[in-house]
Amino acid sequence: MSEEDSIYDQIEIEDMTFDPSLQLYHYPCPCGDRFEISIYDLQDGEDVAVCPSCSLMIKVIFEPEDLQENLEKVPAVMNGATVAVSA
Amino acid sequence: MPLYSFGSNGHSQLSLGHTTDVSIPTLCKFHLPPPPSSPPSSIIPGANHTLLLFPTGEAYSCGLNHCGQCGFADHSHPLGAFHRLANPPPPEGITNPSPESTQWGFITAGWEFTILATKDGKRVFACGTGAKGELGLGSGMLTTVPQLRDTPTPAIPGTTIHQIPNFPPEGTYVISLASSIMHVIAVLNDGSCFGWGASRKHQLHHPKTVPIPVPKTTAIPRAISPFPTDPFPVAKAVCTQESTFLISSSGDRLAHLGLPTTKWKVYEQMPPSCLGYVDIQASWNGVYILKDTGKIVAWGRSDNGRFPPKGLTGVKMMAVGSEHVIAVLEEDGREKLVAWGWGEHGNCGDVEGDRAVVPLREVEIPGGEGKKAKIRCIGAGCATSWVWVDWE
């Protein structure tokens, strides 16, 4: 199955919630858990957010400048893309 | 109590005393005091919490309570079994309150919040959390945990449940509540309706009366803009994720609040009326009408087996979850429980093979020992399924 086939929905980044402490965007998954993607993955051009509890994924619709405001909210880190995201 | 659940259970939202998914209907647990022996009037699932409302005005909740969405003040752990919620206290300054003013009569649940109204419909309460204003308690109170020092109204003792102030307007009362995961609609006895929560996709506005700019969130109940032409008294509402549908009492009128171009064509495919409806419910991106002919009419997202099979008849009851449906069919005087749609968590039963697309199938309910199942109430949520069975 291609990735396109397993994309459950396409979601605009404005409809997602940004969690500055976890440095990720999330959105409800129909299983009750939520789709998550780190802001640094988005910065790197990744656009697929995954649910840790099931096989569903969403494609995030965004422009790089959409991230700017939230990148400023996260604590200064060394090199975003390589920093592990932890609770 | 003969309530069975199956499906997603990571936060004990199935009330089974554990946090493992099950695909076979399993008897739910109740904390004391026991619930009424007669079936609930509705089973109300949120994302990871569930409520039961009984005709006696008693309410029970279980599952995730980290932001007080189950209504209990102790939010340190999920509720592994259904616990009885406190009744609403008598209205302030009333010495002889009517029973209807101190019982629950309406409950709806969204992602991490619950909205409750008294049986007389004159007071509406909220608990849980909603960053888009889903509690209706104002932009200063988007969550009931942690407890703020100054709240618009005090919590009912021992709970996280706060009354929404100044609502409904004097002289009116709530006749129904509906919600998506992120917005809420209250229908009042005068045929008007109010909404709150997410509103970026025009969920709270008639397409012809959308203010500019559109408020992205709405944190207190606001009157839904009157219809610009040919208004009708609203009797019922259902909510998909990004749309609201308002329905007249007979079903002859149906109106859509939302964007003129919708995902999955939930507006574009809307039928002109829903005359003869018995029940109307919404999945995240679809609407399902159960007609008095025993057939289901559905529109919106239809891929991956979300719609009932063509020619399905004899439907007595349906419950629509996020991406699956369960229904009671009557064939030759025998009732059977069926399920279809997205069943990855076992919420369409113990399916062998692909659970992502489950065609309509019967779900056996264990127990009964040869007795006939009389299904009294069903419910469906975020990959969760519920059935109350009396064995006769």
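This is a predicted model: local features need pLDDT of at least 70, side-chain atom pairs count only at pLDDT 80 or more; totals for chains, interfaces and linings use all residues.
Let's start with chain A. It has two helices and six strands. If you follow the chain from the N terminus, the elements come in the order β-β-β-β-α-β-β-α. Chain A has 87 residues, and 47% of them count as buried.

Next, the largest pocket. Its volume is about 1,200 Å³. A total of 50 residues line this pocket, and the closest to its centre are Ser42(B), Ile43(B), Ile44(B), Thr108(B) and Gln281(B). Sorted by class, the lining holds 29 nonpolar, 17 polar and four charged residues.

You'll find Thr108(B) in strand S7 of chain B. Is Thr108(B) buried or exposed? Its relative accessible area is 7%, so it is buried, the cut-off being under 20%. The Thr108(B) side chain makes a polar contact of 2.7 Å with the side chain of Ser179(B). Leaving out residues up to four places away in sequence, Thr108(B) touches Ile44(B), Thr114(B), Ile115(B), Leu177(B), Ala178(B), Ser179(B) and Val184(B).

Strand S7 also belongs to a sheet. Four strands of chain B line up there as S7-S8-S9-S10, in an open sheet with antiparallel pairing. S7 and S10 (162-163) are the edge strands, each pairing on one side only. Five bridges hold the antiparallel pair S7(B) and S8(B), and along this pair Phe106(B) stands opposite Ala117(B) in S8(B). As a rule, side chains in a regular strand alternate between the two faces of the sheet.

Thr114(B), one of the residues touched by Thr108(B), sits in strand S8 (residues 113-118) of chain B. Its relative accessibility is 1%, so Thr114(B) counts as buried. What does its side chain make a polar contact with? The partner is the side chain of His49(B), at 2.9 Å. His49(B) is also among the residues that Thr114(B) touches, and others include Leu51(B), Gln69(B), Phe125(B) and Cys127(B).

Now move along to another antiparallel pair in chain B. S15(B) and S16 (residues 244-247) pair over four bridges, and together they form a hairpin with four residues between them. In this pair Cys239(B) stands opposite Thr244(B). Further along, in the loop between S17 (254-257) and S18 of chain B, is Cys274(B). Cys274(B) has a relative accessible area of 0%, which means that it is buried. Cys274(B) and Ser248(B) are 26 residues apart along the chain, with 9.0 Å between their C-alpha atoms. Setting aside neighbours within four places in sequence, the contacts of Cys274(B) include Ile247(B), Leu254(B), Ile280(B) and Lys291(B).

Pro2(B) lies in the segment before strand S1 (3-7). At 19% relative accessibility, Pro2(B) still counts as buried, because the limit is under 20%. Among the residues it touches are Leu27(B), Val387(B) and Trp388(B). Pro2(B) and Pro39(B) are 37 residues apart in sequence, while their C-alpha atoms are 8.6 Å apart in space.

Finally, some backbone details in the loops of chain B. The peptide bond from Leu32(B) to Pro33(B) is cis, with omega near 0°, and Pro33(B) lies in the loop between S2 (22-27) and S3. Ile212(B) and Pro213(B) are also joined by a cis peptide bond, with omega about -5°. Pro213(B) is in the loop between S13 (193-198) and S14 (217-223).

Asp332(B) isn't a glycine, and yet its phi is positive, near 50°. It lies in the loop between S22 (324-331) and S23 (334-341), and with 84% relative accessibility it counts as exposed. Glu369(B) also has a positive phi, about 45°. This residue is in the loop between S24 (358-362) and S25, and it counts as exposed at 77% relative accessibility.

Key. Residues are numbered from 1 along each chain as its sequence is written. Chains are lettered from A and ligands numbered from 1 in the order in which they are written. Side-chain values use heavy atoms; hydrogens and water are left out. On a 1 Å grid over the protein atoms alone, a cavity is a set of points where a 1.4 Å probe fits but cannot get out, and a pocket is an open set with protein on both sides within 12 Å along at least five of seven lines; lining residues have an atom within 4 Å of a point. Grid points are joined across faces, edges and corners, and a volume is the space filled by probe spheres set on the points. Ala, Val, Leu, Ile, Met, Phe, Trp, Tyr, Cys and Pro count as nonpolar, Asp, Glu, Lys and Arg as charged, and the others, Gly among them, as polar. Buried means under 20% relative accessible area, exposed over 50%, partly exposed in between (1.4 Å probe, protein chains only). A polar contact is a pair of N or O atoms within 3.5 Å; within protein, one must be able to donate a hydrogen and the other to accept it, and residues adjacent in sequence count only if both atoms are side-chain atoms. Contact means heavy atoms within 4.5 Å. Two strands pair if DSSP finds at least two bridges between them.
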